[in-house]
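Trainee: I am new to this structure. Can you walk me through how to read it?
Mentor: Gladly. Bring it up and we will start.

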Amino acid sequence: MIRSLSHSGKADERCENRVTRLIMRNLISIADLTNAEIEEIFALADDAEELRREKPAAGRIMATLFYEPSTRTRLSFESAMHRLAGGVISCADMRASSAAKGESLADTAKVVSSYADVLVVRHHWDGAVRAMAEHADVPVINAGDGRHEHPTQTLCDLYTLRKEKGELKGLTVAVCGDLKNGRTIHSLVYALARFGANVVTLAAAGMELPQYVLERLELDYGYTLNPLATGDLSAVVTATDALYLTPKQPHQLALFTQMDAAIQSQISALASGLRYDAFYMTRKQKERIKEGAEGDSYPTIGDHFLREKRFKDTVVMHPLPRVDELSPELDRDKRGIYFKQAAYGVPVRMALLKFLFDHAGGKAGKVGNKGILYESPECLGPHCVNSNCVTVTEAGSTRRRFALLSGGPGGALILGCVYCDHRFKVQLVGHVKTKRYCAYDISLRATIGDWLKTNELAIFNSIKEAEELGYEPYESRGQRVIMNDDEIGEAVQSISREILKACQDLDTLLLLGIRTQGSLLARRVAAELEKQNRRKYEVGEIDIYGVDDEIRRISPADPDAGRLNLRDREIVLLDDVIYTGRTIKDALSIIFRSARPKAVRLAVLIDRGHREVPVKPNFVGKHIPSSERERVRVKLRATEGGEKDEAVIYSIVNPNDSAPRPRPQNAPARSS
Ligand code: CP
């Protein structure tokens with residue numbers, strides 16, 4: 001984003017002794033800098049003494065606004081500004097600022113930017129720094145926002161790695177610990193992918209890289225995810241499974257639904273060939289974890305690491321502060337470089353400030369797939385699903401905008417929040433002029449493109465929202481029943497019988513449904529298995545666009561049962577309809593980065609064919625090849641409130657070709 005204010009602007013007139021007001025860019029995400037710009041910053045950092053002599057910040061003031069504690073980021077920014085001959089103003093404790101009286105982020109940004117030339121902000125809400133940047137009259141630098149990003153830490157990390165290893169391309173970096181809540185990790189993995197490094201993830205249980213981060217790695221940088229052999233690193237990094245993120249194709253091991261011996265050996269081969277250049281450890285982000293949700297074990301790097309020959313050239317990094325993830329022995333070993341990494345904070349941040357001063361008014365680097373910017377033309381519209389997003393916690397300082405991305409599971413249309421990056425599927429779309437709405441379907445893609453161009457595309461999170469604005473549903477044409485209540489019942493019985501035959505150890509069986517129809521099916525199958533085999537089986541649910549718990553137990557509903565365990569289980573993944581296979585691919589990716597099961601088999605009620613990704617269901621209720629314009633909808637009693645189960649097929653009516661506005665009818669079809 002570019003901020004500009006002319007030299008003769010009003011703010012300058014108010015401040016007679018101000019030299020020149022900075023006109024420069026914000027740094028909110030690591031994607032705001034191109035690789036070439038990052039290299040330019042590193043070149044400046046290499047000659048920090050020269051920067052000190054040059055005094056590029058003379059007459060300028062930096063304001064540091066830290067709503068969360070900090071030692072390194074805050075003090076190294078302040079030190080950097082002093083060394084560039086600039087001044088610093090700060091609020092020692094934001095709880096003692098007018099924020100405590102309820103002042104909004106927008107007002108604080110507006111006011112403080114009339115006292116300073118650059119703001120450095122840390123906040124506990126995802127996207128809060130972007131929200132402030134939208135209201136500030138001067139550039140804003142993100143010093144860490146919630147679980148989202150910490151781009152200046154990533155600059156320090158990359159700089160340290162480059163100093164130690166020469167270049168970033170081709171390095172293999174293992175990122176360890178709390179990969180879900182650690183913002184430093186999110187910025188770092190994007191940057192490592194951009195520079196062509198490989199990433200191995202070693203997450204604490206329940207703290208795996210979020211799906212939206214993995215999707216961005218895949219969509220923007222072509223990175224794929226592969227499980228590594230269980231135990232490969234267990235002696236040196238305790239309590240974790242490994243995953244390998246690499247730009248090299250076609251390692252698509254996660255797409256195989258069955259972890260058979262051949263795949264296990266490919267996984268082992270992949271692990272044994274890896275040379276680790278760095279282990280990047282992080283602490284458990286206790287302040288972002290709900291009470292009671294902490295797991296028992298957390299990865300640590302112990303003395304074993306120091307003794308293993310294969311790690312003799314592997315450096316250990318940590319953004320600090322550390323708690324007890326690192327063996328104290330590492331402090332005395334030359335491979336422990338985390339204090340050096342913290343010390344580089346000053347030259348790197350000096351270089352960043354100088355770079356931003358020099359590039360005042362320049363275009364912000366845009367790295368990655370930003371999609372099409374979408375803001376609802378209606379007063380009601382989509383909202384971010386992340387409860388810690390600034391659009392939810394302080395809606396008044398934000399405008400709900402999203403990147404509209406195609407290519408989600410099953411050709412889904414995805415909205416990515418501009419502030420926090422969280423993603424969710426578009427369910428309902430409406431046409432502003434005709435005031436009609438329908439469920440989004442891939443066959444509407446061209447029509448929706450036309451509506452976008454003319455700003456006539458409404459997107460709703462719920463039917464209620466659409467109806468409150470007077471929208472009525474579109475008609476669909478020619479529904480035909482393809483499975484009736486009896487046939488669905490028989491399919492559930494036959495799938496259950498086949499599961500009992502295929503499963504080698506029923507003690508480890510876990511039924512995992514894809515939310516929401518898949519989870520209903522999983523419950524049905526569990527009930528049938530109980531009838532056929534006289535015992536109960538555990539049932540869980542996967543939420544592909546879940547924010548906190550992507551995998552959860554739904555039965556038995558025992559609050560004391562702890563986290564759902566996937567390790568060494570024989571999992572049956574269930575969904576109602578399989579078409580392109582992308583939903584299944586995403587579900588498999590969630591499973592494999594959570595734990596290493598013994599086997600994953602796939603059961604679907606209806607297989608429509610048309611696979612985009614190579615997944616093959618093991619158990620199928622009915623095969624129904626269908627065209628792209630056709631829609632299959634499975635109605636199961638518990639969701640529809642009806643008396644019978646039914647699966648129907650019908651054609652989508654292109655809204656542009658449809659008849660005059662119909663009378664209101666029942667709810668539109670949901671995506672399958
Ligand atoms: N690495 C880092 O952000 O440290 P602080 O929290 O001390 O700023």
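Mentor: Begin with how elements get their names. Helices and strands are DSSP runs, numbered from the N terminus. A helix needs at least four residues and a strand at least two. Keep in mind that this is a predicted model.

Trainee: Where is alanine 85 placed in that scheme?

Mentor: Alanine 85 sits in the loop between α4 (72–83) and β2 (87–90).

Trainee: What should I look for in the backbone there?

Mentor: The general idea comes first. Most residues other than glycine have a negative phi, and most peptide bonds are trans. Now the case here. Alanine 85 is not a glycine, yet its phi is positive, about 75°.

Trainee: Is alanine 85 buried, partly exposed or exposed, and why?

Mentor: Alanine 85 counts as partly exposed, because its relative accessibility is 29%. Partly exposed covers the range between under 20% for buried and over 50% for exposed.

Trainee: What is the phi of asparagine 455?

Mentor: Asparagine 455 has a positive phi too, about 55°, and is not a glycine. Asparagine 455 is in the loop between α15 (445–453) and β17 (457–460).

Trainee: What about the peptide bonds? Which kind joins arginine 515 and threonine 516, cis or trans?

Mentor: That bond is cis, with omega about 5°. Threonine 516 belongs to the loop between β20 (509–514) and α18 (517–533). Look also at serine 555 and proline 556. The peptide bond from serine 555 to proline 556 is cis, and omega is near 0°. Proline 556 lies in the loop between β22 (551–555) and β23 (570–578).

Trainee: Now helices. How do I describe a packed pair?

Mentor: Two packed helices are described by the angle between their axes and the distance between the axes. Take α4 and α13, where α13 spans residues 345–358. Their axes come within 8 Å and cross at roughly 60°. That angle makes α4 oblique to α13.

Trainee: Which hand does the crossing of α4 and α13 have, left or right?

Mentor: α4 passes α13 in a right-handed crossing.

Trainee: How far apart are alanine 43 and alanine 351, in sequence and in space?

Mentor: Count along the chain, then go C-alpha to C-alpha. Alanine 43 and alanine 351 are 308 residues apart in sequence and 8.2 Å apart in space. Alanine 43 lies in helix α2, residues 35–46. Alanine 43 is partly exposed, at 46% relative accessibility.

Trainee: And how far apart are valine 392 and tryptophan 125?

Mentor: Valine 392 and tryptophan 125 are separated by 267 residues in sequence and by 9.5 Å in space, C-alpha to C-alpha. Valine 392 is in helix α14, residues 390–393. Valine 392 counts as partly exposed at 43% relative accessibility.

Trainee: Let us turn to the surface. Which residues form a nonpolar patch there?

Mentor: Ile89, Val111 and Tyr115 form one, with about 250 Å² of accessible area together. Valine 111 is in helix α5, residues 105–112. Its relative accessible area is 34%, so valine 111 is partly exposed.

Trainee: What about charged side chains?

Mentor: Side chains of opposite charge can pair when their charged atoms come close. The count here is 45 salt bridges.

Trainee: Why are glutamate 49 and arginine 52 separated by about one helical turn?

Mentor: Because they are 3 residues apart in helix α3, residues 48–54. Glutamate 49 is partly exposed at 45%, and arginine 52 is partly exposed at 36%.

Trainee: What is the distance in the salt bridge between lysine 312 and aspartate 313?

Mentor: The closest N and O atoms of lysine 312 and aspartate 313 are 3.1 Å apart. Lysine 312 is exposed, with a relative accessible area of 52%.

Trainee: Which residues are linked in a network of salt bridges?

Mentor: Glu39, Asp46, Arg162 and Lys163 are linked in such a network.

Methods: Residues are numbered from 1 along each chain as its sequence is written. This is a predicted model: local features need pLDDT of at least 70, side-chain atom pairs count only at pLDDT 80 or more; totals for chains, interfaces and linings use all residues. Side-chain values use heavy atoms; hydrogens and water are left out. Buried means under 20% relative accessible area, exposed over 50%, partly exposed in between (1.4 Å probe, protein chains only). Patches are made of residues with over 30% relative accessible area and no salt bridge: like charges are joined within 9 Å, nonpolar side chains (Val, Leu, Ile, Met, Phe, Trp, Tyr) within 5 Å. Accessible areas come from the Shrake-Rupley method with a 1.4 Å probe; for residues, only the protein chains shown count as cover. A salt bridge is a side-chain nitrogen of Lys or Arg within 4 Å of a carboxyl oxygen of Asp or Glu. Axes are lines fitted to C-alpha atoms, for helices over the stretch in contact, and angles run from 0 to 180 degrees between N-to-C directions. Angles under 35 degrees count as roughly parallel, over 145 as roughly antiparallel, 65 to 115 as roughly perpendicular and the rest as oblique. A crossing is left-handed if the near helix is turned anticlockwise from the far one by less than a right angle, and right-handed if clockwise.
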